[in-house]
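Subject: Structure for your review

Dear colleague,

Please find below the sequence and structure that I am handing over to you. A summary of the findings follows.

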Amino acid sequence: MLETVTCKGGSNYHTYRVHAIIERRLNRNIIVSQPIRIYKSFSLEESVNRMLPLNSIDKQWDDVAQYSVSIPDVNIPFGATFPVKVQVAPLSKGIRLKALTVDVVEQHELKISAPASYSAQFNVRFLSSKQEHVIFSERHNLDDCMAPESERSDLEWCTTKVISLPQDLEACTQDVSLNTIKIKHQLVFTVELLGVGKGLSMIKGTIPFNIYMSPHLISEHGTVRRVHIDGFHDDYVPPPPLYSKHQDDLLLPMVEDSLNPDTLRINCEQPLDDVFVNSVGLDCAPSYESVIRI
């Protein structure tokens, strides 16, 4: 079953309604209809197979600047807020950073079979239409992006801004990939630079990402709950294990029977990958003399 697909401007690609009919003998039947929304459950595996974008861009523009732009994930819930991290390091003297613009663009591509008369007259089998519109846009100047206490404004520009996707179900829609309807989203960033030649220079790039619907997002009254993606998890380093959870050295079980020369020789020739580790009975490491005695 195709999920509900609506778009900005009140146009609907695919919707559902529930009709209730009360039949009456002497009067007209009473018909009541109510719109409903149907969404398929989000599958991470399906999304990964459909699109394999990276959630970051790390490039260098000649000898002008090195820049990096990243988002936490390529799968974002509908109506969520998420951060975008931007780092720019000028590589030449005299280059100044002026502003940053971040847009979220929704792209629609429709493809339908052409009517028989139109197909016969123009020899066209399909009719297609492409359009896009901006669902989020913000522009930040340098003062808004640099921390007041930063002393490296001339060497590196680093900032994190929050993107808020629309919560209105008519303002944007989820990603869709069908034969007739394709809807995609991408983050578009523009970094404005001064001092590169004459006038204003710009670094532009895009990061595709997937907006998905979830049953936890829409309440009973049709409003969308706001989901906050707080930050990035790429730099997370798990803490070391507790002391009670440590693992003994794999070499120790090989010398448990060091008093038996035959056993010692077999254990020494056995690959480590095939050794079964049982460290319950080990109290301490054996002495050097007991290990080399044959």
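**Findings**

Asn 123 is found in the loop between helix H2 (116–122) and strand E10 (126–141); helices (H or I, at least four residues) and strands (E, at least two) are DSSP runs, numbered from the N terminus. The phi of Asn 123 is positive, near 55°, in a residue other than glycine. Most residues other than glycine have a negative phi. Asn 123 counts as exposed, at 71% relative accessibility; buried means under 20% relative accessible area, exposed over 50%, and partly exposed in between (1.4 Å probe, protein chains only). Asp 62 likewise has a positive phi, of about 45°, although it is not a glycine. Asp 62 lies in the loop between strand E5 (56–61) and strand E6 (65–70) and is exposed, with a relative accessible area of 56%.

Please note that this is a predicted model, in which local features need pLDDT of at least 70 and side-chain atom pairs count only at pLDDT 80 or more, while totals for chains, interfaces and linings use all residues. Residues are numbered from 1 along each chain as its sequence is written, and side-chain values use heavy atoms, with hydrogens and water left out.

As to the whole protein chain, its secondary structure comes to 5 helices and 14 strands. Of its 294 residues, 33% are buried. Among contacts (heavy atoms within 4.5 Å) with a separation of 6 or more, 65% are between residues 24 or more positions apart.

A search of the whole structure finds 2 salt bridges, each defined as a side-chain nitrogen of Lys or Arg within 4 Å of a carboxyl oxygen of Asp or Glu. In one, the side chains of Arg 37 and Glu 170 meet at 3.0 Å, N to O. This pair links distant parts of the chain, 133 residues apart: Arg 37 is in the loop between E4 and helix H1 (44–50), and Glu 170 in the loop between strand E11 (157–164) and strand E12 (176–177). Arg 37 is partly exposed at 30% relative accessibility, and Glu 170 is partly exposed at 33%.

Glu 192 forms a salt bridge with Arg 139, the closest N and O atoms being 2.8 Å apart. Here too the pair links distant parts of the chain, with Glu 192 in strand E13 (residues 181–194) and Arg 139 in strand E10, 53 residues apart. Glu 192 is buried, with a relative accessible area of 8%.

Yours sincerely
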